[in-house]
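Please consult the sequence and the structure shown below while reading.

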Amino acid sequence: MFHPAPRQLQVIKAAVFVAALLPLARLVWFGFADRLSANPIEFITRSTGDWTLYFLCLTLAVTPLRRLLQWPWLIKLRRMLGLFCFFYAVLHFTTFLWFDHFFDIGEMWRDVLKRPFIAVGFTAFVLLIPLAATSTNAMVRRLGGKRWQWLHRLIYVIAPLGILHFWWMKAGKHDFAEPILFGVIVAILLGARLYWRFLRNKTPPLRAAPR
Amino acid sequence: QKLVAKPNSAYVVVDKPTAYKDATSYNNFYEFGTDKADPAKYAGTLKPSPWTVSIEGEINKPQVLDLDGLRKLAPLEERIYRLRCVEGWSMVIPWIGYSLSALIRKVEPNGNAKYIEFTSLADKRQMPGLGSPVLDWPYVEGLRLDEAMHPLALLGLGMYGEVLPNQNGAPVRVVVPWKYGFKSAKSIVKIRFTRDQPKTAWNQAAAAEYGFYSNVNPQVDHPRWSQASERRIGEDSFFTRKRKTLMFNGYAEVASLYTGMDLQKFF
């Protein structure tokens with residue numbers, strides 16, 4: 001069983017941090033190399049949306065993987081993965097607000113209210129904000145572990161909303177292969193939690209081990 | 001392969017033509033995949049020659065035309081048209097061809113002919129995208145006969161001074177510039193004249209989103225996005241607002257085809 005020493009963990013965290021910035025670096029590089037396709041704005045919107053979903057899945061995968069691999073230290077990466085999910089969501093939303101609406105907030109609102117697929121994506125984004133805002137140790141302490149945990153269960157709502165947003169976007173093209181794949185992944189990640197909870201409830205609580 | 005055509009000065013738009021690279025590397029042609037880069041990537045397997053188009057249905061002179069017959073049917077013209085995709089982007093393309101009406105007159109529709117239906121090639125060996133169930137293949141599009149007779153409706157055989165690239169619908173397609181791009185069927189193998197409105201591919205797939213007419217109309221939104229504005233490929237950048245979409249894509253001369261019709265209903 002792999003268990004990194006504190007120094008090693010620092011290295012792993014730094015590596016994950018750099019890796020998580022690569023999708024952004026790729027966009028910048030493509031921008032200078034004129035490789036963002038004939039419709040760069042669409043390319044950026046798609047790419048940032050995709051990476052929001054990838055990081056959402058990665059964040060949700062931490063708990064099941066910890067258990068399956070017996071790697072409890074993975075929890076130390078979860079906050080960073082979650083914040084990168086938010087980071088790409090911010091970029092995705094900014095592309096929409098900037099390029100689609102040119103920062104016309106009124107027009108953007110009308111779009112959000114009129115179109116379910118945008119409304120769903122927008123809701124998911126807004127729900128991510130309190131999670132990002134309470135991600136620091138100080139905020140965990142201020143809220144208290146129990147309350148903090150309850151708040152962060154919002155991710156179980158956000159994840160299906162994100163998939164629905166993607167699904168509706170692709171519905172126009174009748175092309176469900178990718179949304180189905182994401183849907184299955186998120187269903188497995190959330191289903192695993194339900195399954196373990198079910199197992200826990202079935203087995204009687206452990207009595208204190210005799211010393 | 002070069003294709004010689006005389007510019008038709010009646011059909012020139014002031015807009016700058018889209019770069020050849022953009023027009024040939026970014027488009028929808030689901031027979032080769034649903035990504036807009038797919039047609040350019042995978043259309044190499046299409047064999048645009050030899051090719052025949054079967055013309056049938058409610059006409060006096062059913063016939064099968066080969067490419068040579070199609071090219072010689074009427075003098076080739078170059079016409080620069082705006083193209084507006086239903087997805088909210090647009091291009092400006094110098095097409096080569098002639099008015100579809102020339103072909104229609106040649107085959108002599110009878111009194112029953114009210115619509116014209118275009119069927120695209122559907123050959124799995126040439127078109128890798130046919131394996132996916134996104135649409136009911138073959139791709140079928142259609143027009144009302146009076147729409148098809150409008151001089152703007154073009155039978156396209158080339159673009160940018162050359163024969164059509166495979167990814168843009170080689171060797172023969174239609175171009176209906178006042179309608180959303182998907183109405184302009186590509187790689188056509190059959191043209192049929194009918195009494196009843198053709199069952200067109202996108203209308204069959206999602207009737208609430210894609211009407212039979214699908215005229216460019218900034219006042220009728222797509223259920224999932226606005227059609228009021230568009231982004232001109234290669235021109236509108238990060239620092240420009242999207243441009244306003246024009247009624248009938250700016251081709252006001254077609255308005256008389258729809259007098260008395262509620263275009264909100266017949267979208």
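## Strands, helices and backbone details

Within chain B, Val53(B) has Leu65(B) of E3(B) as its bridge partner. This is a predicted model, in which local features need pLDDT of at least 70 and side-chain atom pairs count only at pLDDT 80 or more, while totals for chains, interfaces and linings use all residues. Residues are numbered from 1 along each chain as its sequence is written, chains are lettered from A and ligands numbered from 1 in the order in which they are written, and side-chain values use heavy atoms, with hydrogens and water left out.

**Strand pairs of chain B.** Strand E2 (residues 52-57) and strand E3 (residues 63-66) of chain B run antiparallel and are joined by 4 bridges. Helices (H or I, at least four residues) and strands (E, at least two) are DSSP runs, numbered from the N terminus, and two strands pair if DSSP finds at least two bridges between them. A hairpin of 5 residues links E2(B) to E3(B).

Strand E6 (residues 115-120) of chain B pairs with E7(B) in the antiparallel sense over 5 bridges. Strand E7 (residues 140-144) of chain B is mostly covered, with 5 of its 5 residues buried; buried means under 20% relative accessible area, exposed over 50%, and partly exposed in between (1.4 Å probe, protein chains only). In a regular strand the side chains alternate between the two faces of the sheet. Val140(B), Gly142(B) and Arg144(B) point one way from E7(B), whereas Glu141(B) and Leu143(B) point the other way.

**Helix packing in chain A.** Two packed helices are described by the angle between their axes and the distance between the axes. The axes of helix H1 (residues 6-32) and helix H3 (residues 75-100) of chain A come within 11 Å and cross at roughly 15°; axes are lines fitted to C-alpha atoms, for helices over the stretch in contact, and angles run from 0 to 180 degrees between N-to-C directions. H1(A) and H3(A) are therefore roughly parallel to each other (angles under 35 degrees count as roughly parallel, over 145 as roughly antiparallel, 65 to 115 as roughly perpendicular and the rest as oblique). Residues making the contact (heavy atoms within 4.5 Å) include Leu9(A), Val16(A) and Leu24(A) of H1(A) and Met80(A), Phe84(A) and Leu91(A) of H3(A).

**Backbone details.** Most residues other than glycine have a negative phi, and most peptide bonds are trans. The table lists the departures from these patterns that are treated here.

| Site | Feature | Value |
|---|---|---|
| Ser49(B) and Pro50(B) | cis peptide bond | omega about -5° |
| Ala170(B) and Pro171(B) | cis peptide bond | omega about -5° |
| Ser37(A) | positive phi | near 65° |
| Asn249(B) | positive phi | near 55° |

Pro50(B) lies in the loop between helix H2 (38-42) and E2 of chain B, and Pro171(B) in the loop between strand E9 (162-163) and strand E10 (173-175) of chain B. Ser37(A) is placed in the loop between H1 and helix H2 (40-69) of chain A and counts as partly exposed at 37% relative accessibility. Asn249(B), in the segment after strand E13 (243-244) of chain B, is buried, with a relative accessible area of 2%.
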